[in-house]
Amino acid sequence: METDQQMEEMDVEVLSSMWPEDVGGTEPDNQFNVEKPAGDSDTLKEVDIAEKRTMADLKRLPDLLNTTDQGSSQLTNLVKQWEYMQDHAVRLLREELKILTKQREEAEAKELKIIEEHNFETEEPENVPVLDESSDLFRRFKEKKRDKLVGRKRIEIDEEFDTVAYWKQKALSLEKMLEASTERERRLIEKLNESLKTMESHSAPVEELTQNLKRAEGFLHFILQNAPIVMGHQDKDLRYLFIYNKFPTLREHVRDKDILGKTDVEIFHGGGVKESEDFKREVLEKGKASKREITFETDLFGSKTFLIYVEPVYNKAREKIGINYMGMEVTDQVRKREKMAKLREDNAVRKAMESELTKTIHITEETMRAKQMLATMSHEIRSPLSGVVGMAEILSTTKLDKEQRQLLNVMISSGDLVLQLINDILDLSKVESGVMKLEATKFRPREVVKHVLQTAAASLKKELTLEGNIADEVPILVIGDVLRIRQILTNLISNAIKFTHQGKVGIKLKVIPEPSFASGLELNTDAEEQNGLTETETSVWIRCDVYDTGIGIPENALPCLFKKYMQASADHARKYGGTGLGLAICKQLVELMGGQLTVTSQVNLGSTFTFILPYKVAASNDHSDDQDEFSDMVDHQPEPDDSTEGYFQFKPLLGSIYSNGGPVIGNNFLPHKAMLPSPVKLMNGFVADPSDNTGQSEAVQVENGGYKDEPRLETHRPETAHQYENGNGRCPSKESESCSSSQASSEMESEFTVSSPREDVQTEAEVKETSKQPKILLVEDNKINIMVAKSMMKQLGYTFDIANNGVEAITAINSSSYDLVLMDVCMPVLDGLKATRLIRSYEESGNWDAAVEAGVDIKVLENKQMSVRSTNRLPIIAMTANTLSESSEECYANGMDSFISKPVTLQKLKECLKQYLH
Amino acid sequence: MDAHVAQLQMQYRNYILSLYQQGFLDDQFTELKSLQDDGSPDFVAEVLSLFFDDCVKLVGNMARALDQTGTVDFCQVGANVHQLKGSSSSVGAKRVKGLCINFKELCEAKNYEGCVRCLQQVDIEYKTLKAKLQDMFNLEKQIVQAGGIVPQVDIN
């Protein structure tokens with residue numbers, strides 16, 4: 001390989017002794033270790049410290065170190081360090097040498113002196129002036145000097161100067177001195193040699209350095225072997241020059257492929273390879289080290305995520321020669337991290353959803369509350385408003401001039417409109433909140449239709465013909481929620497009348513096969529005939545068309561017709577008024593009952609509202625079965641055709657609206673069951689007529705006023721009439737009659753009265769003539785309440801009897817006839833609700849068995865049992881402390897007719913008495 | 001003398017208004033007043049004396065019922081509270097009535113401490129009211145004695 005050669009060349013520059021000579025000779029096969037990790041197991045498990053499998057790779061390292069910029073700088077450092085140490089050693093040696101040299105110089109100087117001295121001594125005899133005393137002195141001085149210099153080595157000559165012996169001796173001693181000098185010199189040389197030797201041994205630090213280096217290398221080996229990383233070096237073309245791989249098993253898979261000299265792309269295939277390649281290239285170009293996470297999806301080692309660190313490598317000339325890269329497998333960590341992120345995300349989403357949900361719940365709650373609020377408010381408004389309207393209508397009975405009457409009429413009609421609106425809202429919120437419950441009662445569709453038309457006719461102010469057409473196959477008696485059906489019919493009819501200026505408005509009833517939108521109910525139109533006396537009920541679908549010849553509805557307005565507060569157009573709303581709730585309520589009611597309300601219309605020709613409803617067919621032939629069904633009282637009427645008649649017509653200005661139908665159910669309506677607001681309505685019905693200057697109303701007024709009781713005698717069932725005759729001048733007969741009949745209609749119409757006050761007209765009128773002082777029973781245990789009530793009654797011009805509890809009340813009722821009972825609800829001994837139930841039971845059964853059962857004293861009761869009416873319903877008005885625990889519903893459920901909430905005020909009492917006493 | 005009467009009347013009016021404003025009385029009291037006419041000139045006084053007699057009796061009953069060691073007959077207390085509630089409601093003794101409503105709930109919850117506390121409050125309240133109304137009657141009397149007529153107070 002070229003690079004190998006290059007490396008070898010570079011080797012020359014560095015101290016070759018520190019590195020193995022066989023750098024380039026190793027087989028690339030062994031160097032290259034790419035391992036395929038074993039499955040998904042923990043990467044740490046693969047760490048095998050003992051194994052020396054990657055040793056061979058390390059031999060490559062020096063190459064790399066030699067070739068790269070960094071490597072060489074490191075080496076330079078090492079070398080410098082080494083050189084420094086060498087320098088140091090040399091300096092030490094030199095210093096030593098210097099010392100030695102000095103010593104030697106000294107030694108030589110000494111020798112020289114010795115020789116000089118010797119010379120001097122030898123010459124001395126020649127030079128010494130013989131006859132001079134001073135020469136002696138000089139000699140002495142010299143000797144002295146010599147002594148000092150040479151020390152003890154001074155030659156001692158015992159012989160006399162200048163004798164043979166003397167010279168001999170002197171020569172001998174000199175010789176000795178020379179010997180000693182030579183000896184010294186030799187020793188010095190020895191010492192010098194020794195010094196030189198120790199200097200040689202000073203090369204030991206170098207070896208120590210080498211040792212350190214080896215240790216560091218060993219440490220690096222250790223780290224590298226255990227590090228779960230892949231390291232590599234690639235050249236400029238991203239060909240591998242070196243790779244260290246932690247994962248040895250991969251080696252087996254790529255044994256045949258030589259990774260060295262190849263690029264990533266050439267080795268691997270799959271996801272991430274290109275990316276890593278690009279990344280490396282990018283680093284190489286930018287010359288800036290960076291890190292990146294890359295997920296590989298390769299055949300070699302599956303899906304693994306590596307954190308890759310790549311740095312550019314420069315040669316000594318600061319030229320890029322390639323990159324170093326290090327990869328660490330972080331698949332698990334990434335997976336964990338992703339999991340965490342996902343969890344966090346999920347968490348956030350859940351939280352968001354939660355908050356959203358809470359918001360929705362909140363909104364729903366708010367809506368519910370708002371609806372409830374609306375209902376409550378409507379209810380709350382209705383009571384005082386009915387007072388206002390009622391009073392206004394009473395006012396209209398007084399003497400007024402024309403202008404006042406006009407103003408009053410506006411006031412009343414506005415009041416009526418608001419009441420209607422409130423009732424509509426109440427109905428709607430009831431239906432929407434699911435509070436509205438449907439009741440199944442037997443009723444006669446023909447009568448209902450007739451009644452609705454009659455009612456409409458009564459208040460008709462236009463020249464319209466109202467007609468009803470009921471197909472023969474429509475059963476005489478069906479079961480359904482007659483109240484709601486009437487409400488729908490009335491709504492549709494009044495709507496039709498409102499938008500029709502001439503022509504006719506009518507109701508058509510016919511039986512149809514089961515419509516497609518409903519299934520599961522079996523149809524049997526002949527059920528009535530087939531079943532005969534049996535009680536079996538079958539279903540029948542009846543289609544009801546309410547048609548008119550009015551202004552019609554443009555096609556584009558049809559879709560929003562049944563929407564709340566919507567009218568066909570704003571113009572219509574202005575022109576015709578109304579709340580825009582009527583049709584919405586109708587639709588909801590029809591759907592609530594399982595039917596369907598549709599409309600077809602042609603502008604200027606008229607509209608037809610059609611609703612299809614399922615009814616149960618009741619067996620009507622069994623009279624005994626129906627006896628206590630007050631709605632069936634019509635069966636006992638003398639006109640048999642009334643129940644089967646299929647066609648009615650109410651023509652405009654024909655004098656009497658009864659021309660066709662004879663007596664009307666509506667006549668019998670009494671509001672005993674109605675809630676407080678309705679009495680006012682009734683009153684207004686009763687008194688409003690004078691102000692209502694239409695022909696129809698006049699007719700009603702006249703007829704009722706004029707004929708007095710006669711029509712009623714005809715209309716009611718014989719027993720009632722009989723009773724009436726027995727009434728011997730006291731009013732109860734009248735009362736009882738109204739009561740008994742009222743129950744029938746009130747069952748059907750209690751809810752209805754509010755929305756159609758006109759129905760009450762006749763009732764009120766016929767009761768009007770009462771002149772007798774009514775007999776009232778106050779059942780109340782609280783003395784103070786009694787006292788207050790008494791005072792109020794006095795002001796109103798009534799007197800009453802007092803019972804202190806339910807038992808006393810029953811006793812009193814048993815012994816005397818009352819026209820009205822004011823009953824406290826909460827009383828000791830026997831409370832008002834129970835007492836009322838017992839009284840009702842007595843009215844139905846004619847005996848006090850139930851009361852006896854309940855523990856009321858029998859004796860008192862038994863005696864008079866026979867003398868008391870048993871069939872007439874006594875109006876019982878509850879006096880409730882608060883409407884929460886003693887709810888009006890409970891009062892009604894226990895057979896009470898109405899209630900006054902406590903504390904009783906004069907106004908409340910007055911209204912109540914006006915309603916029930918006449 | 002007219003000035004004196006006028007002053008008394010003003011005083012009376014203010015006094016009545018304060019009774020309403022402080023919540024001692026409500027509309028029912030007005031109702032009661034309106035029931036008083038020439039036919040029954042002392043109607044309000046009669047009703048009220050009956051009411052306060054009732055209060056004494058009922059509070060006494062309740063105190064006895066609540067004083068019992070061992071089991072307390074909350075039903076009995078409740079019955080008395082109901083009576084008192086009805087009475088106070090009828091005469092328009094608003095505060096007493098309010099207390100009775102709470103009292104009744106406490107009774108139903110069989111909260112002994114609450115009942116005792118409430119009873120004490122009722123006792124205080126009706127006595128206060130009694131004193132206040134006594135003052136009112138005294139004022140009325142003074143007005144009549146001074147030759148004036150007791151004014152109708154429109155609380156609205």
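Biologist: What should I know before reading the values?

Modeller: The model is predicted: local features need pLDDT of at least 70, side-chain atom pairs count only at pLDDT 80 or more, and totals for chains, interfaces and linings use all residues. Residues are numbered from 1 along each chain as its sequence is written, chains are lettered from A and ligands numbered from 1 in the order in which they are written, and side-chain values use heavy atoms, without hydrogens and water.

Biologist: Why is Asp824(A) called buried?

Modeller: Buried means under 20% relative accessible area, exposed over 50%, and partly exposed in between (1.4 Å probe, protein chains only). Asp824(A) has 2%, so it is buried.

Biologist: Where does Asp824(A) sit, and what does it touch?

Modeller: Its place is strand β17 (residues 820-824) of chain A. Helices (H or I, at least four residues) and strands (E, at least two) are DSSP runs, numbered from the N terminus. Asp824(A) touches Val779(A), Glu780(A), Asp781(A), Gly832(A), Met879(A) and Lys902(A), not counting residues up to four places away in sequence. Contact means heavy atoms within 4.5 Å.

Biologist: What does the record say about Asp824(A)?

Modeller: The unreviewed UniProt entry annotates it as "modified residue: 4-aspartylphosphate". UniProt positions follow the numbering used here, feature names are shortened, and annotations may be inferred rather than shown by experiment.

Biologist: What makes Arg840(A) and Glu843(A) a salt bridge?

Modeller: A salt bridge needs a side-chain nitrogen of Lys or Arg within 4 Å of a carboxyl oxygen of Asp or Glu. Here the N to O distance is 3.0 Å. The two residues are three apart in helix α28 (residues 832-845) of chain A, so about one helical turn separates them. Arg840(A) is buried at 7%, and Glu843(A) is buried at 10%.

Biologist: Why can residues three or four places apart point the same way in an α-helix?

Modeller: Because an α-helix has 3.6 residues a turn.

Biologist: What does the salt bridge between Glu125(B) and Arg95(B) tie together?

Modeller: The pair meets at 3.4 Å, N to O. Glu125(B) lies in helix α6 (residues 112-145) of chain B and Arg95(B) in helix α5 (residues 94-108), so the pair ties together parts 30 residues apart in sequence. At 13%, Glu125(B) counts as buried. Arg95(B) is partly exposed at 31%.

Biologist: How many salt bridges and polar contacts lie between chain B and chain A?

Modeller: The salt-bridge count is zero. Seven residue pairs are in polar contact, both at pLDDT 80 or more. A polar contact is a pair of N or O atoms within 3.5 Å; within protein, one must be able to donate a hydrogen and the other to accept it, and residues adjacent in sequence count only if both atoms are side-chain atoms.

Biologist: How is the area buried between chain B and chain A put together?

Modeller: Buried area is the accessible area (1.4 Å probe) that two parts lose on being put together, summed over both. Here that is about 1800 Å², and carbon and sulfur atoms give 56% of it. In chain B, Leu35(B), Leu50(B) and His82(B) lose the most area to chain A, together 28% of what that side buries.

Biologist: How do you know that residues 90-117 of chain A are helix?

Modeller: The chain is 100% helix and 0% strand there, with end C-alpha atoms 40 Å apart. The unreviewed UniProt entry annotates this stretch as "coiled-coil region".
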